[in-house]
Amino acid sequence: MHRLDPLDHRLLDEFQRDFPLVPQPFAQVAQSLALTEAEVIARLARLQANGTVARVGGTVRPNTAGASTLAALAVPDDQIETVAALVGAEPGVNHSYLREDDWNLWFVATAPDAVALDACLHRISARSGLQVLTLPLLRAFNIDLGFRLSGQRAALRSDGPVDAAALMPEDRPLLQAMAAGLPLVARPFAAVASDLGWAERQVLDRLATLSAARILTRIGVIVRHRAIGWAANAMVVWDIAPDRMEVAGHALASVPGVTLCYQRQTHPGLWRYGLFAMVHGQSRAEALAVVTKARALPELALADHRILFSTRCFKQTGALLERAAA
């Protein structure tokens, strides 16, 4: 676990979202922290190098600019290392965790389109010799993981409506750049613009439009929570009847400490849990206390649930939205 000094803590806590869309964003961040622009850039570079920060960039709403799904494998214990390595070798796999369940290796697969996503999942199944449990997103109640690192836990804001019509074909390389992360330079948006052959103002305007449309769900510092002590990461799933899903999802998303909440596809005979929540805590006891509050909701009364704590992170990167150059 990396210990944060007070200024690093503020930098991560206050700029996980609403990153300034201005030509010199790090200078604006520096003003808030009473630092220089160069000091902010140096701090972020150090935090990125030591694994505390994944990137400064954006998170792209699933299934807008590309295709994605949550998936799982039931891997025998003696094959975990081998299978995790082949899953992680797929460029489209951007998150991969070992969790406490028979379905024990969970990953998020992303791709430019549904055909490429299916091909990725097929390769994983063929190379591992295992069935892939595929659980596409059906509805998001909260998909913004930028929770406060200090103070009392609060409910995160509910997911807003998406304006899919705002997405233009030429936005894909810009979104890929945001998923990969901004360069840590004084004018990062100008650097992105130069790579794309755009003007800096065009990049800033398109990012503002895509954020307002909720295609970019967050722009800011993307924190690796496990690296700073938030290691009790539990995926909690509920078996909820379809006619109760919407009210249950909104109620669950409003519980302080629930950091993600969404509905996913079920598979009769394999997986009957359609309502998912993520809970991040600094200890198991803290995470389980949040689950206890969630279980007490009238909307979840008597619903069967499972708690899948993660025990290991194999991979955490940005989404793959474009095909690699030939």
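This is a predicted model: local features need pLDDT of at least 70, side-chain atom pairs count only at pLDDT 80 or more; totals for chains, interfaces and linings use all residues.
Q: What makes a run of residues count as a strand here?
A: A strand is a DSSP run of type E with at least two residues, and a helix is a run of type H or I with at least four. Both kinds are numbered from the N terminus.

Q: Why is N63 called partly exposed?
A: Buried means under 20% relative accessible area and exposed means over 50%, with partly exposed in between. N63 has 38% relative accessibility, so N63 counts as partly exposed.

Q: What makes the phi of N63 worth a look?
A: N63 is a residue other than glycine, yet its phi is positive, near 60°. Most residues other than glycine have a negative phi.

Q: Which phi does R214 have, and where does R214 lie?
A: R214 also is not a glycine, and its phi is positive, about 70°. Its place is the loop between helix 8 and strand 7 (216–223).

Q: How do you know whether R214 is buried or exposed?
A: The limit for buried is under 20%. R214 has a relative accessible area of 15%, so R214 is buried.

Q: Now for the whole chain: how many helices and strands does it have?
A: The protein chain has 10 helices and 11 strands.

Q: What makes the protein chain as compact as a globular protein of that length?
A: For 326 residues the globule rule gives 20 Å. The radius of gyration of the protein chain is 20 Å, close to that value, so the chain is as compact as a globular protein of that length. Its C-alpha trace spans about 55 × 50 × 40 Å along the principal axes. Buried residues account for 51% of the chain.

Q: How much of the contacts comes from residues 24 or more positions apart?
A: Contact means heavy atoms within 4.5 Å. Among contacts with a separation of 6 or more, 77% are between residues 24 or more positions apart.

Q: How do you know that the buried residues of helix 7 lie on the same side?
A: In helix 7 (residues 188–196), the buried residues are P188, F189, V192 and A193. They cover an arc of only 140° around the axis, so they are on the same side of helix 7. An α-helix has 3.6 residues a turn, so residues three or four places apart point the same way.

Q: What do the buried residues of helix 7 pack against?
A: Their partners are helix 2 (25–33), helix 6 (172–180) and helix 8 (200–212). Just after helix 7 comes G197, with a positive phi of about 75°.

Q: Why is A285 called exposed?
A: Exposed means over 50%. A285 has a relative accessible area of 57%, so A285 is exposed. A285 belongs to helix 10 (residues 284–295). Its C-alpha is 8.7 Å from that of A232, which is 53 residues away in sequence.

Q: Why is V290 called buried?
A: V290 lies in helix 10 too. The limit for buried is under 20%. At 7% relative accessibility, V290 passes this test and therefore counts as buried.

Q: Which residues does V290 touch, leaving out those up to four places away in sequence?
A: V290 touches V255, P256, G257, V258 and V279. V290 and R187 are 103 residues apart in sequence, and their C-alpha atoms are 41 Å apart in space.

Terms used. Residues are numbered from 1 along each chain as its sequence is written. Side-chain values use heavy atoms; hydrogens and water are left out. The radius of gyration is taken over C-alpha atoms; the globule rule is 2.2 Å times the number of residues to the power 0.38. Buried means under 20% relative accessible area, exposed over 50%, partly exposed in between (1.4 Å probe, protein chains only). The arc is that of the directions from the helix axis to the C-beta atoms.
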